[in-house]
Amino acid sequence: MIVDPNDATWHILQLDGRHYVETAKGIFGQEIPLPEPMGFTVRTADWHPYGGTSA
């Protein structure tokens, strides 16, 4: 799993032979479906991107 807090995105990669392939992607707020053997989801509803407005 790769999480990019700058873009508020996540990516799931799985090994396919000698290379990794992206099997799922999404944005913060969407659940992350982790493949087997984990087989559960990660909630990202409360995740926020880095940055924001300056005061």
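Pro-37 is found in the loop between strand 4 and strand 5, where strands (E, at least two residues) are DSSP runs numbered from the N terminus. A cis peptide bond, with omega of about 15°, joins Glu-36 and Pro-37. The model is a predicted one, in which local features need pLDDT of at least 70, side-chain atom pairs count only at pLDDT 80 or more, and totals for chains, interfaces and linings use all residues. Residues are numbered from 1 along each chain as its sequence is written, and side-chain values use heavy atoms, with hydrogens and water left out.

The phi angle of Ala-8 is near 60°, a positive value in a residue other than glycine. Asp-7 has its place in that loop between strand 1 (2-4) and strand 2. Asp-7 and Thr-23 are separated by 16 residues in sequence and by 19 Å in space, C-alpha to C-alpha. Thr-9 lies in strand 2, and Leu-13 is found in strand 2 (residues 9-16).

The table lists the relative accessibility of several residues. Buried means under 20% relative accessible area, exposed means over 50%, and partly exposed lies in between (1.4 Å probe, protein chains only).

| Residue | Relative accessibility | Class |
|---|---|---|
| Asp-7 | 53% | exposed |
| Ala-8 | 14% | buried |
| Thr-9 | 17% | buried |
| Leu-13 | 32% | partly exposed |
| Phe-28 | 14% | buried |
| Thr-44 | 1% | buried |
| Trp-47 | 30% | partly exposed |

A search of the whole structure finds one aromatic pair. The ring centres of Phe-28 and Trp-47 are 5.3 Å apart and the planes stand at 85°, so the pair is edge-to-face. Rings of Phe, Tyr and Trp (its six-membered ring) pair if their centres lie within 6.5 Å; planes under 30 degrees apart count as stacked, over 60 as edge-to-face and the rest as tilted. This pair links distant parts of the chain, 19 residues apart: Phe-28 is in the loop between strand 3 (19-27) and strand 4 (32-33), while Trp-47 is in the segment after strand 5 (41-42).

Thr-44 also has its place in the segment after strand 5. Leaving aside neighbours within four places in sequence, Thr-44 is in contact (heavy atoms within 4.5 Å) with Ile-27, Phe-28, Gly-29, Gln-30, Glu-31 and Ile-32. With neighbours within four places likewise set aside, the contacts of Thr-9 are Ile-2, Val-3, Asp-4, Gly-26, Ile-27 and Phe-28.

In soluble globular proteins, nonpolar side chains tend to be buried together. Here the largest nonpolar core has six residues in all, namely Trp-10, Ile-12, Ala-24, Ile-32, Leu-34 and Val-42. Such a core is a set of buried Ala, Val, Leu, Ile, Met, Phe, Trp, Tyr and Cys residues joined through side-chain atoms within 4.5 Å. Not counting residues up to four places away in sequence, Trp-10 touches a number of residues, including Ala-24, Phe-28, Ile-32 and Pro-33.

On the surface, Ile-2, Leu-13, Leu-15 and Tyr-20 form a nonpolar patch with about 410 Å² of accessible area together. Patches of this kind are made of residues with over 30% relative accessible area and no salt bridge, with nonpolar side chains (Val, Leu, Ile, Met, Phe, Trp, Tyr) joined within 5 Å. A salt bridge is a side-chain nitrogen of Lys or Arg within 4 Å of a carboxyl oxygen of Asp or Glu. Accessible areas come from the Shrake-Rupley method with a 1.4 Å probe; for residues, only the protein chains shown count as cover.

Conventions:
Helix = DSSP H or I, 4+ residues; strand = E, 2+ residues; numbered from the N terminus. Patch = residues over 30% accessible without salt bridge, like charges linked within 9 Å, V, L, I, M, F, W, Y side chains within 5 Å.
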